[in-house]
Amino acid sequence: MSEVALLQSIGLVVVGLGILILLFIKAKFLRVVGFVIIVLGTFSLIALGVPQMASLPPAIETFDITKVKTPDDLAAIGQKIFFSKGQCALCHSIGPSEAARCPDLKGIGAKLAPEFIYESLTEPQSYIYLDFRHHGLPKEYPARMPYIGKNPIALSNQEIYSVIAFLQKMSGEPISIKVEDVLGGGSKDGDMKVAAIGAHGASQPGE
Ligand code: HEC
């Protein structure tokens, strides 16, 4: 029996007891007690009838990196990170939004090379993207792109590459992030070079 059901049956017993007292006992004081018991019992039954929702912090999802086999798996993880730990969706929209304080990321995976996206995430101040959506001179966006690899968001390299894979996938691009590269270097090697992650569009130095 669930906890609520147990409490409800106790409540019913209490109310029943009150009714019995009122029916069969003539002593005035006990009748008052019986009346009070009925009122209190009814109130607790009503309270227990209200659906309860425990407000717990969101469950932390962990990903078994060994289960990642295809770039699509990476993109699926990236999508979750985009909307949760990465907090990207707090600022960015995918598709036009009136209230956007930041660039719309729709099609970004097709527009930008993965190296550039990586830089946008980890060195956001090195190239500031401006807002051209109004008349006159372009302005800086009111919000600031956080350093995704540092606190408080602090995504690992593996997580960043998963997000890039997601951005490519939702732009209808073939995912150029290679699973082996992400699993191989990953978080152990902090400065894993992005150029090693399948150059896409952009030419690599020395080519
Ligand atoms: C606090 C708000 C905020 C959060 C959170 C945020 N961004 Fe940004 N982002 C911005 C702003 C503002 C810009 C534009 C200025 C700039 O380039 O630094 C930007 C720029 C970008 C760009 C470059 C866009 C372009 O067209 O060049 C990319 C890509 C990007 N963000 C992706 C992400 C991803 C992925 C995440 C989550 C891991 C994220 N952002 C989280 C505010 C944010």
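Me: Where does A154 lie?
Reply: A154 lies in the loop between strand 2 and helix 7, where helices (H or I, at least four residues) and strands (E, at least two) are DSSP runs numbered from the N terminus. This is a predicted model, in which local features need pLDDT of at least 70 and side-chain atom pairs count only at pLDDT 80 or more, while totals for chains, interfaces and linings use all residues. Residues are numbered from 1 along each chain as its sequence is written.

Me: Is A154 buried or exposed?
Reply: A154 is exposed, because 12 other C-beta atoms lie within 10 Å; a residue is buried if 20 or more other C-beta atoms lie within 10 Å of its own, exposed if 12 or fewer, and partly exposed in between, with C-beta atoms placed from the backbone. Phi of A154 is near 45°, a positive value in a residue other than glycine.

Me: And what about the peptide bond from N151 to P152?
Reply: That bond is cis, with omega near 5°, and P152 lies in the loop between strand 2 (139–140) and helix 7.

Me: Where does Q87 lie, and what is its phi?
Reply: Q87 lies in the loop between helix 3 and helix 4, and its phi is near 60°, a positive value in a residue other than glycine. Q87 counts as partly exposed because 16 other C-beta atoms lie within 10 Å.

Me: Stepping back, what does the secondary structure of the protein chain come to?
Reply: The protein chain has 8 helices and 2 strands, and read along the sequence they follow the pattern α-α-α-α-α-α-β-β-α-α. Of its 207 residues, 21% count as buried.

Me: Which residues have the most contacts inside the largest nonpolar core?
Reply: They are I160, I164 and A165, in a core of 24 residues; a nonpolar core is a set of buried Ala, Val, Leu, Ile, Met, Phe, Trp, Tyr and Cys residues joined through C-beta atoms within 7 Å. The elements that give two or more residues to this core are helix 3 (71–83), helix 6 (114–122) and helix 7 (157–170), and helix 7 gives the most, with 7 residues.

Me: What does I160 touch?
Reply: Not counting residues up to four places away in sequence, I160 touches Y118, L121, T122, I148, G149 and L155, where contact requires C-beta atoms, placed from the backbone, to lie within 7 Å.

Me: What about D73, how does it count?
Reply: D73, whose place is in helix 3, counts as partly exposed because it has 16 C-beta neighbours inside 10 Å. D73 and F166 are 93 residues apart along the chain, and their C-alpha atoms are separated by 9.4 Å.

Me: Switching to the ligand, which residues are the closest?
Reply: The closest are G86, C88, C91, Y129 and M145, among 24 residues that surround the ligand; a residue is taken as near a molecule if its C-beta atom, placed from the backbone, lies within 6 Å of it. Helix 4 (88–91) and helix 6 each supply at least two residues of this shell.

Me: How do the residues of that shell around the ligand divide?
Reply: They divide into 19 nonpolar, 4 polar and 1 charged, where Ala, Val, Leu, Ile, Met, Phe, Trp, Tyr, Cys and Pro count as nonpolar, Asp, Glu, Lys and Arg as charged, and the others, Gly among them, as polar.

Note on methods:
Two residues are in contact if their C-beta atoms, placed from the backbone, lie within 7 Å.
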